[in-house]
Amino acid sequence: MVVQRRKEEIKSEQEERKLLFFPRTATMVTKRSKVPAPCPLPPPAKPLLALGLEGSANKLGVGLILHSPPSPASSSPSKTGDPGSVSILSNIRHTYVTPPGEGFLPSDTARHHKRWISEVVDKALREGGKTMDDVDVTVALVARTLAMMYNKPLVGVNHCVGHIETGRLITSSPSPIVLYVSGGNTQVIAYSQQRYRIFGETLDIAVGNCLDRGRRLLPIPYATKGMDIMLGGILHAAEAYTRDPRFRPSSSSGPSPPSSSTIATAPSPSLAAAGGKLNGKLGSPMVSQEARRRRAEGTEGPQAALQNIGLDGSSSTARVQLAEGSGLVDASVEVPPPEEGEEDVITPADLCFSLQETVFAMLVEITERAMAHAGGKEVLIVGGVGCNARLQEMMGVMAAERGGSIFATDERFCIDNGIMIAHAGLLSYRMGYETPLAETWCTQRFRTDEVLVNWRA
């Protein structure tokens, strides 16, 4: 009897599951209409001016942004749901230029930011026609000194959320699937219930770091793990191809660049300070700690210009000529020159193209999965790598095939800048959030999905 009763219970549970997933009649299904929830973000009662400072990497950015009450002529909120209006008054950036073929160290970056912060802030205020007395709130951890000096409220901002909110502001994209790609982060994100949910991310290094370090490869591992990707194997495989007998330092279709033996140059102070040594891995001169310090403080080496990246796009990106052998060829390997008529060769151009195409294909694949899962039709690309035209093109093809569209910005707002911090901070401030001075610190593990996005419905 007990066995029979249990069988009947199991059969009853199975029938309930069938009714749940496969209803027999239409009357058993309750179809809910999708009514958009009202935006919880209140319109500003008065114009609010925020000064945002961004300095988490080698970019030092300061932005001035104004949130104003809605005008009487405006009857509906913006596409992003903000009932107020937003104006970007200034967007200033200065870049720390590292020695050729090398990355930036935290200590050198700190020296650079200390050297330039006053000038960048002053220029941002002048370009916006404002003073610190006009500022209502300072945003970002670097702003603690300014907050204390001028008695201004302070708001801490999550770096990724700043990228997303500014991308939505500039492109007027209401609720896209977000691909966040930069030197330190690679994430696929979708918004749900006042959180930016991470659908997938890199399991080792970020895409920007991969592109910077691995400019050499051909057939490479293509590693997507469900919604995640792995890029470390690509770099490991790339090393083998720089030692392949077919590898050539320059294309056989054109003249080879002049060798260093045919160019009369004086030894650089950095090379002399390092005892004339070469970096065996990169093939570039070793740079002493003292030379790096002087470079970061702006007293030696090429320096980037102070840029007003604003909204008009009139400024040009600072370009720095790298020294010969700055990372494309392993200097420890003797590479024969290409022979005339040679076809089966591997060139740096081949390797760079293959790296970019493979990595971007992986990013497109996991973004498409997120779109399918969330039912999204829009993709927003943010982060420094997001201004890459080829990535935007590949993502656009995928989105068009799904009947969707792509939103992206250029280097003014993809690359780290002060406006993204100021805008996200002002959204939090309008919801009543301030960061007590005692609770302001910098943490690299402040994940995107930990932020309460209470200004969105």
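The model is predicted, so local features need pLDDT of at least 70 and side-chain atom pairs count only at pLDDT 80 or more, while totals for chains, interfaces and linings use all residues. Residues are numbered from 1 along each chain as its sequence is written, and side-chain values use heavy atoms, with hydrogens and water left out.

Next, select α2 itself, residues 106-128. Helices (H or I, at least four residues) and strands (E, at least two) are DSSP runs, numbered from the N terminus. Centre on Trp116, where α2 has a kink of about 45 degrees; the bend at a residue is the angle between axes fitted to the seven residues ending there and the seven starting there.

Colour the buried residues of α2, among them His112, His113, Trp116, Val120 and Leu125. Buried means under 20% relative accessible area, exposed over 50%, partly exposed in between (1.4 Å probe, protein chains only). Their cover includes β1 (48-54), β2 (59-68), β3 (85-95), α8 (289-296) and β11 (307-308), with contact meaning heavy atoms within 4.5 Å.

Now move to strand β12, residues 378-382, where 4 of 5 residues are buried. Strand β6 (residues 177-181) runs parallel to β12, joined by 4 bridges; two strands pair if DSSP finds at least two bridges between them. Select Val178 to find its bridge partner Leu380 in β12.

Strand β13 (residues 405-408) is also parallel to β12, again with 4 bridges. Here Ile381 has Ala408 as its bridge partner.
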